[in-house]
Amino acid sequence: MTIRVRFAPSPTGNVHIGNIRVAIFNWLYARSQGGKFLLRIEDTDLERSTPQAIATLLDALNWLGLHYDEEAVYQTAMRHRHDDAVKLMIEQGHASRKSEGEPTILHLHEGLFDPSFVTEPRDAAEIDVSQGELFANPCALVHETTSSKGEVFTRPIAWDSLACLEIETEDGQRVAGSVLRDKTSECNTDATSLLGKKPVKLHFKRRYVFYDDMVLGRLEKPLDSLRDLVIARSDGSPVFHLANVVDDVEMGITHILRGNDHIENTYRHLFIFKAINAAPPKYAHFPMIVNAKGKPYSKRDGDAYVGDFKEKGFLPECLFNFLALCGWAPGDGREIMKREEMVKAFSLDRINSSAAQFNCEKLEWMNGQYLTKMDLLTLLPLIRAELKNEGIAAGDFDAKWLARLIELEQERMRTIKEFVEHTSYFFADQVQFDEKAVKKVLQKNEGAGLKIIAGILSILQSLADWTEKALEEKITAFAEGKGLKMGDVAQPLRVAITGGTVSPGIWETLFLVGRERALARISRVLAEVKPE
RNA sequence: GUCCUCAUAGUGCAGCGGUCAGCACGUCAGAUUCUCAGUCUGAAAACCGGGGUUCGAAUCCCCGUGGGGAUGCCA
C-alpha cells in the first residue's frame with residue numbers, strides 16, 4: 001500500500017510558517033516513503049475563507065517547492081459526502097438528531113468501542129461528585145460544578161463508558177448505575193431526587209481510548225473524559241471533525257501528520273472513522289512553532305506570513321531547510337542540507353516532541369550561507385528582480401559589471417534585500433553621506449583624510465588603465481610612498497566614494513563605481529567638505 | 001475544575017542508564033584583512049523543582065511547577 005499524506009489548511013488569513021512546516025513534514029514523509037503528498041483546502045468556513053487566502057497559500061507552496069501529487073481537493077465540493085456520512089451514522093444508530101434545528105450528535109456507545117482503539121474496562125476508578133450537582137439523561141450522567149471564579153463546568157459522561165457503575169450515596173450505600181439509567185427521562189434529571197439521597201461518588205471500571213502516535217508513542221485518555229460529539233450543526237452543516245474524517249477516507253489518506261493541537265481531536269476522530277465503517281489512518285503529531293514571546297503563531301495577527309520571508313529576500317530552499325530543522329534533526333549534526341539529503345534522512349521517530357521557537361537570527365545566518373554557496377548564474381536573476389522591485393533599472397547595467405558586484409557582495413549579504421541596501425552607491429549618481437563617517441574619517445585631525453584623497457585624486461586622474469589591478473598598484477604605491485598604512489588611505493577614499501565606512505575592497509569598489517563617477521565624487525568631497 | 005501533552009545553555013538541535021553533557025546560531029575575546037562581512041582560534045553559558053527505582057539517572061517511575069491544547073455546534 002502506498003502511503004498517502006495530505007496537507008489540509010483552512011484558507012483563512014495568511015499561511016504562516018507554523019502551517020507551512022506541517023506541509024514540509026508531510027512532504028518530506030511522502031517523498032522519503034515513496035508516497036503521495038496531497039492538498040486539501042478546508043474552505044468550509046465560508047465567512048473567513050477567501051479566494052485571496054487560497055491564492056497566497058498556493059503561491060507559498062509553489063515557492064517552497066511543495067508540489068502536490070494529485071488535484072487539490074476543495075472541502076466545500078465534498079459536502080454531499082459529509083451529508084451521506086451523517087445519514088449513515090443516523091441509520092446505523094450511532095448518531096441522532098432530536099429535531100430539525102438541533103445539532104446532530106454522535107454517541108459514544110458500546111457499538112463503537114472497537115478494541116483497536118478502546119480498551120476493555122481496566123482500572124478501578126472513581127469520580128467525586130460530592131461537590132456540584134449530578135444529573136442523568138438517556139445518554140449520559142452529567143456532573144456540573146462551579147469553579148472558584150464562577151465558571152460552570154459540565155461534564156457529561158456517556159453511560160457506556162462507565163463499566164460496572166455503582167453510585168455511592170451520602171449514607172455510604174452503593175446503588176447500581178443501571179437503576180438510575182433506567183429511571184431517566186428525556187431531560188437532565190436531578191440524581192438526588194431519583195435516588196432519594198445525595199450521590200457523592202461514582203465507582204466504575206475505566207476504559208481508555210488510545211492510539212499509537214508515530215512521534216509520541218502510545219497516547220491514551222480515559223473514555224469517561226470524552227463526551228458525545230457534535231458532527232453537524234443545527235443548520236445541518238458538517239463540523240470540522242466530520243468533514244475532516246470523511247475527506248480523509250475519500251482521499252485514501254493513510255497517515256495523518258499534523259500539529260499537536262490535534263492530539264485531542266484524534267481521540268474523537270477515531271470514533272467517527274468507526275461510525276462510518278472506515279479504518280483509521282496512522283497518526284503522528286508534532287509540536288508547534290512558537291514566536292519570540294513563546295506564544296503560538298496566529299494568522300489573525302498576520303504573524304510570520306510565509307510571503308514576508310520571500311519579500312525579505314530569503315531563499316525558499318533555505319526557509320525549507322530551516323523549518324525542517326525546527327523540531328527535527330538528522331541526528332548526525334548536519335544542518336545545511338540539500339532537499340534530497342533531507343528526504344533521505346527524514347524519519348518521524350526523529351521528530352522532537354517539544355515546541356520549537358522560531359529563531360530569525362539563525363535563519364539569517366543560514367540564508368547567508370546559502371547565498372555564499374550559490375551559483376552566480378542562479379543568483380543573478382534574483383538580484384535583477386530585486387533591483388527592479390526597488391525601482392533600480394537593472395537592465396541598464398552591464399551583465400559583467402553586475403556579476404562582479406554580486407561576486408563581491410555575495411558573502412557579505414544575508415538576504416537578497418541586503419544586497420540592495422549594501423550597494424546603493426554603485427547605482428546612484430549621488431551618494432548619501434554618513435555624517436559621522438565624514439567627520440571621523442575626513443574632517444578630523446585638521447582634515448587629514450581630505451589631504452590624503454586630494455593627493456590620491458591626481459594620481460587617479462592620470463591613471464589611464466582603470467582596472468582593479470592598476471588601482472591596487474597605484475594606491476599601494478601611494479601609501480608606501482607617504483609612509484601611510486593602507487587603512488589611512490582606504491578609509492577616506494571609501495567615505496568619499498561610498499558615503500560610508502563599509503564596502504567591498506577599495507580598488508574593487510573604485511573599479512566598479514567607474515572612473516567618471518569616482519573622480520567626480522572625490523572632487524565634490526574636496527570642494528564641499530572642510531576640515532574641522 | 002477535569003483531561004491530554006511538553007520541559008537539556010538566550011535560541012534551535014544531539015543525548016535514548018555509565019559522556020569532562022556534544023553541535024549550531026547568538027554573545028564575548030583574540031588572529032587575519034584597507035572597512036564591513038567572511039574565515040580561523042578561544043571563552044562564558046543548560047539537564048525546571050522534589051521524591052523514588054538503580055551500584056549508577058539528563059535519560060525510567062511518581063508528585064509538583066511552568067508552557068501549550070481540549071473540554072457538544074472554530075478549523
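How many residues surround RNA strand B, and which are the closest?

1. First, some housekeeping. This is a predicted model, in which local features need pLDDT of at least 70 and side-chain atom pairs count only at pLDDT 80 or more, while totals for chains, interfaces and linings use all residues. Residues are numbered from 1 along each chain as its sequence is written, chains are lettered from A and ligands numbered from 1 in the order in which they are written, and side-chain values use heavy atoms, with hydrogens and water left out.

2. Now to the opening question. RNA strand B is surrounded by 61 residues, and the closest are I105, V230, R233, G327 and R412 (a residue is near a strand if one of its heavy atoms lies within 4 Å of it). Of the atoms of RNA strand B that come within 4 Å of the protein, 65% belong to sugar and phosphate.

3. The side chain of K295 has an N or O atom 2.5 Å from a phosphate oxygen of RNA strand B. With E264, a polar side-chain atom is 2.7 Å from a base nitrogen of RNA strand B.

4. Which elements give two or more residues to this surface? They are β9 (152-158), β15 (217-222), α6 (240-250), α7 (263-275), β20 (356-357), α11 (360-373), α18 and α19 (506-513). Helices (H or I, at least four residues) and strands (E, at least two) are DSSP runs, numbered from the N terminus. The largest share, 5 residues, comes from α18.

5. By class, the surface near RNA strand B has 23 nonpolar, 18 polar and 20 charged residues. Here Ala, Val, Leu, Ile, Met, Phe, Trp, Tyr, Cys and Pro count as nonpolar, Asp, Glu, Lys and Arg as charged, and the others, Gly among them, as polar.

6. Helix α18 (residues 486-498) also packs on helix α17 (residues 468-482), at an angle of about 125 degrees and with the axes 9 Å apart. Axes are lines fitted to C-alpha atoms, for helices over the stretch in contact, and angles run from 0 to 180 degrees between N-to-C directions. The two helices are therefore oblique to each other (under 35 degrees is roughly parallel, over 145 roughly antiparallel, 65 to 115 roughly perpendicular and the rest oblique). I475, F478 and A479 of α17 meet M486, V489 and L493 of α18, where contact means heavy atoms within 4.5 Å. This contact has 6 nonpolar residues, with no polar and no charged ones.

7. Next, follow α17 to helix α16 (residues 435-461): their axes come within 11 Å and cross at roughly 140 degrees. α16 and α17 are therefore oblique as well. On the α16 side the contact is made by I452, G455, I456, I459 and L460, and on the α17 side by L471, K474, I475 and F478. These residues divide into 7 nonpolar, 1 polar and 1 charged.

8. Finally, α16 and α18 have axes that come within 9 Å and cross at roughly 100 degrees. That makes α16 roughly perpendicular to α18. Among the residues in contact are V441, I452 and I456 of α16 and D488, V489 and L493 of α18. The contact of α16 with α18 has 12 nonpolar, 2 polar and 1 charged residues.

Terms used: A polar contact is a pair of N or O atoms within 3.5 Å; within protein, one must be able to donate a hydrogen and the other to accept it, and residues adjacent in sequence count only if both atoms are side-chain atoms.
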